[in-house]
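Q: Can we go through this model together? I'd like to start with charged pairs, then look at a few residues and the domains.

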Amino acid sequence: MTRDSSAAVPDEAADEAHWRRNLAVCVFGSFTTIVAMTLLLPFLPLYVEELGVKDQAAIVQWSGVAFGATFFSAALVAPLWGRLADLYGRKLMLIRASLGMAVAMSLIGLAGNVWQLVGLRLLAGLLGGYASGSTVLVATQTPKDRSAWALGTLASGIMAGNLVGPLVGGVLPPLIGIRATFLAAGAVIFLAFLATLLLIREAPRSARAARVGGGFASIPDKRPALAMLATGMLLMLAVMSVEPIITVYVAELTPDPARVTLIAGLAMSATALGSILSAPRLGRLADRIGPWTVITASLTASAVLLVPQALVTSDWQLVALRFLMGLALGGLLPCIASVIRHSVPDRVAGTMLGYSTSSQYVGQVVGPLLGGFVGGHVGMRAVFLGTAVLMALGAAGTALARPKGMRA
């Protein structure tokens, strides 16, 4: 008995080191794969033209199809990869995703025509999913009392990738060429594959337990999970609904036409920067006071901040409010994952987090469509006000969905 007690301290120290190391590797891998997925934004139309498309309208159309293809296919398979992670291990799914993305990104640099480009972008979405797989691993392998902070740190890495990707895509092609940029991205993701293979350690799991039950049927109280699926979709819808109209909106506020694209870029980046800064801090706060309270407060603050965005009279006001909204939104994704982690059995955590990822992709698709339609037919200020109403309804729904007796 004494021997077992003495061995417990080293084991606990080892577990502490392993989940922190797992988190570091997952942040690095998620950052690099997201950078690779988004770096082509600045030069995608140029690459489409290089692949033989000459008509201007066709270049725009093919660029949109090629960019959206990855997210479309990723949304379709996210629940599948989550289920397979529950069955065969979360580390295995990260190895698959990083190696698949490394190969797909390298092949995109070798595309011979636009059809191959779209097909390889679809393949990247099918084989990828490193960021969502990292969320599953971190959520299930981190001590529950530190899970929101860890997920917040991971979310910061993911959002940083979304911010840095287009910057890298603007710098590298003039230096090394478009095709070499894809090959370089593939090489960096391969480093993430090696780090995942060699450094991540997953706690032993019962194979039989993973195969017993599954999906919604094994969840005693389904309300928290369903509420978080809706909240994740609402979050991405709110963020993305402004994207199609923000440049036109800035043009109304900025007297100098030459500054329109600069201010629009700052407004978009300000939201991401605010979220990067706040995500770990709000995650740590959620570990102390409970994720439900943070989610409700974040949705309420976002709804309040959207109203003055519809009433601004200068561009700097819009940029400042978008930054504050980013600060409010930063805690949502890690808290959503934390609630799901605490509300479902471990054997289906990957499946449910996969559904959560898919719901967020739905918001990413619906948001721009809805924002563009409302902005074009009702007015751009109506987009902000309508989104504020949706966020307020989401805050009310989250408060009502919290099970009685569950920590706020």
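Q: Which residue forms a salt bridge with Arg179?
A: Glu50 does, with the closest N and O atoms 3.3 Å apart. Bear in mind that this is a predicted model.

Q: How many salt bridges does the structure hold?
A: The count for the structure is 1.

Q: Where do Arg179 and Glu50 lie?
A: Arg179 is in helix α8 (residues 178-199) and Glu50 is in helix α2 (residues 44-50), so the pair ties together parts that are 129 residues apart in sequence.

Q: Are the two buried or partly exposed? Arg179 to begin with.
A: Arg179 counts as partly exposed, at 28% relative accessibility. Glu50 is also partly exposed, with a relative accessible area of 46%.

Q: What about Ile178, buried or exposed?
A: Ile178 is buried, because its relative accessible area is 13% and the cut-off for buried is under 20%. Ile178 lies in helix α8.

Q: Which residues is Ile178 in contact with?
A: Leaving aside neighbours within four places in sequence, Ile178 is in contact with Phe43, Leu46, Tyr47, Glu50 and Pro173. Glu50 is the salt-bridge partner of Arg179.

Q: And how are Ile178 and Gly290 separated?
A: Their C-alpha atoms are separated by 46 Å, and the two residues are 112 residues apart along the chain.

Q: Moving along, where is Thr196?
A: Thr196 is in helix α8. At 0% relative accessibility, Thr196 counts as buried.

Q: What does Thr196 touch?
A: Not counting residues up to four places away in sequence, Thr196 touches Val25, Lys91, Leu94, Ile95, Ser98 and Tyr130. With Tyr130 there is a polar contact of 2.7 Å between the side chains.

Q: New topic. How is the protein divided into domains?
A: Domain 1 covers 14-202 and domain 2 covers 221-407. How many residues does the contact take from each? It takes 28 residues from domain 1 and 28 residues from domain 2.

Q: What separates the centres of domain 1 and domain 2?
A: The centres, taken over C-alpha atoms, are 22 Å apart.

Q: What do domain 1 and domain 2 bury between them?
A: They bury about 2400 Å², with 66% of it on carbon and sulfur atoms. On the domain 1 side, Lys144, Trp149 and Met159 lose the most area to domain 2, together 21% of what that side buries.

Q: How many salt bridges and polar contacts are there between the domains?
A: Between domain 1 and domain 2 there are 0 salt bridges. The count of residue pairs in polar contact is 4, both residues being at pLDDT 80 or more.

Q: Which elements give two or more residues to the side of domain 1 that touches domain 2?
A: These are α3 (56-88), α6 (130-141) and α7 (147-176). The largest share, 11 residues, comes from α7. By type, the residues of that side divide into 14 nonpolar, 8 polar and 6 charged.

Q: Over to Thr231, which helix has it?
A: Thr231 is in helix α10 (residues 223-240). At 5% relative accessibility, Thr231 counts as buried.

Q: What does Thr231 touch?
A: Not counting residues up to four places away in sequence, Thr231 touches Ile295, Leu299, Ile336 and Thr398.

Terms used:
Residues are numbered from 1 along each chain as its sequence is written. This is a predicted model: local features need pLDDT of at least 70, side-chain atom pairs count only at pLDDT 80 or more; totals for chains, interfaces and linings use all residues. Side-chain values use heavy atoms; hydrogens and water are left out. Domain bounds come from an automatic or database domain assignment. Contact means heavy atoms within 4.5 Å. Buried area is the accessible area (1.4 Å probe) that two parts lose on being put together, summed over both. A salt bridge is a side-chain nitrogen of Lys or Arg within 4 Å of a carboxyl oxygen of Asp or Glu. A polar contact is a pair of N or O atoms within 3.5 Å; within protein, one must be able to donate a hydrogen and the other to accept it, and residues adjacent in sequence count only if both atoms are side-chain atoms. Helices (H or I, at least four residues) and strands (E, at least two) are DSSP runs, numbered from the N terminus. Ala, Val, Leu, Ile, Met, Phe, Trp, Tyr, Cys and Pro count as nonpolar, Asp, Glu, Lys and Arg as charged, and the others, Gly among them, as polar. Buried means under 20% relative accessible area, exposed over 50%, partly exposed in between (1.4 Å probe, protein chains only).
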